[in-house]
Amino acid sequence: MRRIWRKFKFPKEAAVGADEFATSSLVLTELLNNTGELVSIYDRDLRLIQCSAQLKTLRGDRMSIGASLFDIYPSFVTGQARKALDKVLVAKAPAILNFATASNREVEVRAFPTATGIGLIEAAESPAATAEVEHSKLLYQANHDVLTGLQNRQRLSDRLNEILATNNGVRERSALLQIDLDDFKSVNDTLGHGTGDALLKLAANRIRGVLQEGDSAFRYAGDEFAIIQYGKEPSEAESVAQALVDAFKTPFIINEMPLFVGASVGIAFGPQHGAQGEELMKAADIALYAAKREGRGCARIFNRSMLLLIEQRENLRRGLRLALERQELLLEYQPLVRSSGQVVGFEALVRWDHPEVGRITPNVFIPIAESDGLMHAIGRWVLEEACRQAMTWPDSLSVAVNLSPAQFLGGSLTDAVAQVIDSTGIRADRIELEITESVLLEETVDNLDTLNTLNVLGIRISLDDFGTRYSSLSYLKNFPFDSLKIDKYFIQDLERERKSQTIVRTIIGMAHGLDMMVTGEGVETATQAQWLINEGCDLLQGHHLGKAMSAERARIFASKAGASRRRRERIN
């Protein structure tokens, strides 16, 4: 230990200024790579920035850059050791601490100030000590996730029970934040598990980046993570949750591809929301579901009324399996209108008339259907019913149907579409299938073959919600799209925001240059409609043009719109 001690010019006694420990990055890296001692260097927030190769070898992923000093040396969290660390940081005074190992053996650790924060050197290892480190390494592996280096589900459960246990009759405040990655499944399914694993590692680093002093992070399943806070105010948990949501708004870059995966957070406080670990986890999970239900990419705090939402969801889950055979699903149609006022078709929108709850919109039950494997059956029914009802309209009107990623990736889409055409007798060119960019993340031969086959059948293909997800221009080059639909996110700000105007104007020009039509979604005002018409947008859709309606009302609406347009033409 004395050799590396001298490299840092560290005298055993007396305070030393930080400048005496300033060592160039290259020299320090070379030193840490070649020393046989157990050295770790931390920034002022006590997060690891460098460590010796020997320490990395012995401790493995525990020594991840950005890891908290207290995850590496948990016995330093409180007591005299914590005070000594604060003294090193503030007074620039070295200190000697004792690290309690898993078998209660104490190892001497010398702490010293550096230009960036603090450094630690463990005592030289004897054979017995080496065995102890190996034991600690095995213990670490048993309590940590191999992929991300975060603590695992077992450690989460143990830690919750530890902090919720009565201590001298007083229970300290604690907070559990459960985190779920939004849209991770579609990335994992389409780009493969290798990309999914890389994304999880990057996600773990972002979670580490928002932790406050003393917080602990865990990965307890798949794309589910957690943070535990202890002895802090509720406002601090809310602050971390919001920082986490904001951190995930920035895309992840993997293989030069931007991937948008958000984070939803559920918060529960102990012991008020749960006196046992499992109770607190259940409360946080219910709050997480509420965050998902309210649009994702947000944080919600548990309250008792959320239990009712869970019960409702389970009732919906059970009822949805019977909804098709009980004929509780129905379709409504929203008009697609040219700038001239001509109605050219309708988009089919599925609804669920629940016998007890009433009308349920697709944003509520479609995620349930996808997670329960029901989308193939529901999607097939929607396509067939929409085509059957469209046969009651004039031949000039088209019908647009949304495809779920589950349908597209199932492998039998083209056969299903061909069968629907045969059974209903509808012309293929009256059908428009809308897909989102998430189904095209992996530009495989199968994806291209599916779209090309549909194109050969004469079916129109539309890329829905363009601009809000990945928006890779390679999709437009490689896949046979007939049209783009600009998401309402950009349309809603057209009247007041130049950035949205520029984006929409650019998309229209690009699409026309690629011989594609453009539809503006979510048109709510006459001003928005006129702006889009002036910029050459081909079709408009939204409440300003017409709300969703039944198939019969759609037929009448199109007829009246046609008559009104012809009267205007005669007047002009």
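Which residue in S19 is the bridge partner of Phe-466? In this predicted model, Ile-486 takes that place in S19.

**Strand S19 and its neighbours**

S19 covers residues 483-486. Strand S18, residues 460-466, pairs with S19 in the parallel sense. Strand S20, residues 517-520, also runs parallel to S19. The table sets out the two pairings.

| Strand pair | Sense | Bridges | Partner residues |
|---|---|---|---|
| S18 and S19 | parallel | 3 bridges | Phe-466 and Ile-486 |

In S19, Ser-483 and Lys-485 lie on one side. Leu-484 and Ile-486 lie on the other. Are these residues buried or exposed? All four are buried, and both faces of the strand are covered.

**Helices H14 and H16**

Helix H14 spans residues 375-390, and helix H16 spans residues 413-424. They pack at an angle of about 30°, with axes 10 Å apart. Angles under 35 degrees count as roughly parallel, so H14 is roughly parallel to H16. Their crossing is right-handed.

Which residues make the contact? H14 supplies Arg-380, Leu-383, Glu-384, Cys-387 and Arg-388. H16 supplies Ala-416, Val-417, Gln-419, Val-420, Ser-423 and Thr-424. By class, the contact holds 5 nonpolar, 3 polar and 3 charged residues.

How values were computed: Residues are numbered from 1 along each chain as its sequence is written. This is a predicted model: local features need pLDDT of at least 70, side-chain atom pairs count only at pLDDT 80 or more; totals for chains, interfaces and linings use all residues. Side-chain values use heavy atoms; hydrogens and water are left out. Buried means under 20% relative accessible area, exposed over 50%, partly exposed in between (1.4 Å probe, protein chains only). Helices (H or I, at least four residues) and strands (E, at least two) are DSSP runs, numbered from the N terminus. Two strands pair if DSSP finds at least two bridges between them. Axes are lines fitted to C-alpha atoms, for helices over the stretch in contact, and angles run from 0 to 180 degrees between N-to-C directions. Angles under 35 degrees count as roughly parallel, over 145 as roughly antiparallel, 65 to 115 as roughly perpendicular and the rest as oblique. A crossing is left-handed if the near helix is turned anticlockwise from the far one by less than a right angle, and right-handed if clockwise. Contact means heavy atoms within 4.5 Å. Ala, Val, Leu, Ile, Met, Phe, Trp, Tyr, Cys and Pro count as nonpolar, Asp, Glu, Lys and Arg as charged, and the others, Gly among them, as polar.
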